[in-house]
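Here is a short briefing on one protein chain. Please look at the sequence and the structure first, then read the points below.

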Amino acid sequence: MKLRVMMCFVLVLGTGLCGTLRADEEKNPWTPLFNGKDLDGWKVPNFGGEGDVVVENGELVINMGVMISGIVYEKEFPYKSNYEIEIVAKRTMGFDFIAALTFPIGDEHATFINGGWGGSVFGISCVNDLDASENDTMILITTKNDLWYNFKVRVLDEKVECYLDGKKIIEQKREDAVFRTRFEVEYSEPLGITNYCSETRIKSIRYRLIQ
């Protein structure tokens with residue numbers, strides 16, 4: 001009897017949560033930034049030795065370069081706070097960060113590093129002049145090639161959150177924090193995606209307002 005009651009409670013709780021998430025997405029729908037056809041809205045910065053960027057089979061492919069390769073959004077991004085942006089990507093070749101996301105935080109910028117420094121460092125570069133391998137946002141998570149990952153950043157007025165496959169792995173308060181990008185990826189500001197010595201495939205880039 002107790003087990004049945006507990007199972008019913010979990011079912012009701014889960015149903016309520018799903019309903020809340022659906023209502024939130026209806027109120028604040030996602031806007032795609034990649035159309036699956038071409039690079040409309042994006043350009044390839046001159047990082048120096050960057051790999052080619054093409055669209056194949058509905059996926060955006062950032063080919064391996066000497067070091068940094070990637071794209072920058074050339075249209076105006078509407079938000080500097082209270083938004084979230086999500087990327088679904090995988091590394092098909094190489095050993096370092098998969099789809100590092102550079103994003104605005106107010107009038108500053110930072111980069112969500114995913115799989116850097118040989119494939120396992122996650123964190124925000126830079127916070128108070130310390131990069132992702134040196135500041136308190138660093139967390140070690142092993143990444144693998146040919147595995148799709150969901151990376152998400154939420155920028156709120158009071159903090160920045162980073163997610164991996166729906167799980168929050170990083171939280172950084174904005175108060176008393178100074179954000180900036182490393183010089184290697186500064187050409188991806190204000191909004192961009194880069195890899196390092198890797199080949200990346202991306203099948204979704206989208207954002208939405210948080211209210």
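An open sheet of 7 strands runs in the order β2-β5-β14-β7-β8-β9-β10, with antiparallel pairing. Because β2 (42-43) and β10 (139-140) stand at the edges with a single partner strand each, one side of each has no neighbour in the sheet. The model is predicted: local features need pLDDT of at least 70, side-chain atom pairs count only at pLDDT 80 or more, and totals for chains, interfaces and linings use all residues. Residues are numbered from 1 along each chain as its sequence is written, and side-chain values use heavy atoms, leaving out hydrogens and water.

**Strands**
- The chain has 1 helix and 15 strands (DSSP runs numbered from the N terminus: helices are H or I, at least four residues, and strands are E, at least two).
- Strand β9 (residues 121-125) is joined to β10 by 2 bridges, and the two run antiparallel; strands pair if DSSP finds at least two bridges between them.
- Val 121 stands opposite Leu 140 in β10.

**Burial and contacts**
- Of the 211 residues in the chain, 48% are buried (under 20% relative accessible area, with a 1.4 Å probe and protein chains only).
- Among contacts (heavy atoms within 4.5 Å) in the chain between residues at least 6 apart in sequence, 64% join residues at least 24 apart.

Key:
Buried means under 20% relative accessible area, exposed over 50%, partly exposed in between (1.4 Å probe, protein chains only).
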